[in-house]
Structures are given as C-alpha cells and as structure tokens.
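Subject: Structure to look at, with notes

Dear colleague,

I am handing over the structure below, and after it I have set out my notes on what was found. Please keep the structure open beside the text as you read.

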Amino acid sequence: MKVKRILYWVSTGLLSLLLINAIYMYISKFEMVQGMLASYNYPEYLIYILITGKVLGVIAILSNIKGTIKEWAYAGLFFNFVLAFITHYVLGDGEGVGAIIALVLLMASYFLGRQVRPWIIKN
C-alpha cells in the first residue's frame with residue numbers, strides 16, 4: 001500500500017506540474033498560443049477556457065474535495081488530453097507526445113487514487 005501511495009503522489013504531482021506549466025505558458029506566451037490556435041482553426045477564446053479548466057482541475061485534484069467534483073475534474077482533463085492528442089495527430093506536427101504523457105499521468109493518478117484514497121473518489 002505504501003508503494004501505491006508514493007506512486008499516486010508522484011503521478012499526481014507530475015500531472016499538477018505539467019498543468020501548471022501549461023497554464024504559465026498560456027499566460028506568459030499568450031500571443032504565441034493565440035497564433036498556434038489560429039493555425040489550428042480554433043477560436044481565440046479557447047485559451048481562456050483552457051486556462052480556467054486547468055486551474056480548476058489542479059485545485060480539484062490536489063484538494064480533499066470528495067465525490068463528483070473530483071470525478072468531473074479527471075473527466076475534463078481526460079477529454080482535454082485526448083482531444084489535444086487527436087489535434088496534433090491530425091495535423092502531423094509531432095507534438096502529441098506531451099498529451100500522451102499527460103494522459104498516462106492522469107490515468108495513473110486516477111486509478112491509484114481510487115485505491116489509496118477511496119473515501120475521496122466516489123465508487
């Protein structure tokens with residue numbers, strides 16, 4: 001159980017750092033991200049949605065919030081990472097590896113969290 005707890009916190013910590021890094025990049029390099037989304041034919045306001053969703057996701061995953069809110073945070077991040085991978089795959093720009101790494105960390109955090117902290121995530 002101790003190994004699972006350590007793996008849970010390592011995967012959750014790495015996932016949180018990855019999300020915080022993405023938030024920082026969206027804010028500090030706003031024009032670059034805006035241009036990148038424009039080249040993908042995505043609307044500009046999507047940046048604000050991604051920032052808000054990732055901030056709320058980090059808060060929900062790291063806190064002791066119980067039940068549905070934590071489940072929705074994991075689900076929202078799951079769809080974000082899957083859609084990011086699909087976008088990069090379709091464009092063929094080779095940037096989808098980050099989304100795969102994030103997805104693996106997310107799944108490890110979720111499934112280990114269900115075992116290590118069963119009172120937090122609703123069955």
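Which two side chains meet in a salt bridge, and what is the N to O distance? The side chains are those of Glu71 and Arg114, and the distance is 3.5 Å from N to O, where a salt bridge is defined as a side-chain nitrogen of Lys or Arg within 4 Å of a carboxyl oxygen of Asp or Glu.

Before going on, please note that this is a predicted model, in which local features need pLDDT of at least 70 and side-chain atom pairs count only at pLDDT 80 or more, while totals for chains, interfaces and linings use all residues. Residues are numbered from 1 along each chain as its sequence is written, and side-chain values use heavy atoms, with hydrogens and water left out.

A search of the whole structure finds one salt bridge. Glu71 lies in helix α4 and Arg114 in helix α5, so the pair ties together parts that are 43 residues apart in sequence; helices here are DSSP runs of H or I with at least four residues, numbered from the N terminus. Glu71 is partly exposed, with a relative accessible area of 22%, and Arg114 is also counted as partly exposed, at 26% (buried means under 20% relative accessible area, exposed over 50%, and partly exposed in between, with a 1.4 Å probe and protein chains only).

The next item is a nonpolar surface patch of about 880 Å², which is made by Phe78, Phe79, Leu83, Ile86, Tyr89, Val90, Met107 and Phe111. The elements that give two or more residues to this patch are α4 (68-91) and α5 (97-116), and α4 gives the most, with six residues. Such patches are made of residues with over 30% relative accessible area and no salt bridge, with nonpolar side chains (Val, Leu, Ile, Met, Phe, Trp, Tyr) joined within 5 Å and like charges within 9 Å; the areas come from the Shrake-Rupley method with a 1.4 Å probe. Tyr89, one of the patch residues, lies in helix α4 and counts as exposed because its relative accessibility is 63%. Leu77 is also found in helix α4, but Leu77 is buried, with a relative accessible area of 3%, and its C-alpha atom is separated by 7.1 Å from that of Gly57, 20 residues apart along the chain.

How much space lies in the largest pocket? The volume is about 880 Å³, where a pocket is an open set of points on a 1 Å grid, reached by a 1.4 Å probe, with protein on both sides within 12 Å along at least five of seven lines, and lining residues have an atom within 4 Å of a point. Of the 32 residues that line the largest pocket, the closest to its centre are Tyr26, Leu50, Lys54, Asn80 and Ala84. The largest share of the lining, nine residues, comes from α4, and by class the lining has 21 nonpolar, eight polar and three charged residues.

Finally, please look at Asn41, which is placed in the loop between α2 and α3. Its phi is near 65 degrees, a positive value in a residue other than glycine, and Asn41 is exposed, with a relative accessible area of 70%.

With kind regards

Technical notes: Grid points are joined across faces, edges and corners, and a volume is the space filled by probe spheres set on the points. Ala, Val, Leu, Ile, Met, Phe, Trp, Tyr, Cys and Pro count as nonpolar, Asp, Glu, Lys and Arg as charged, and the others, Gly among them, as polar.
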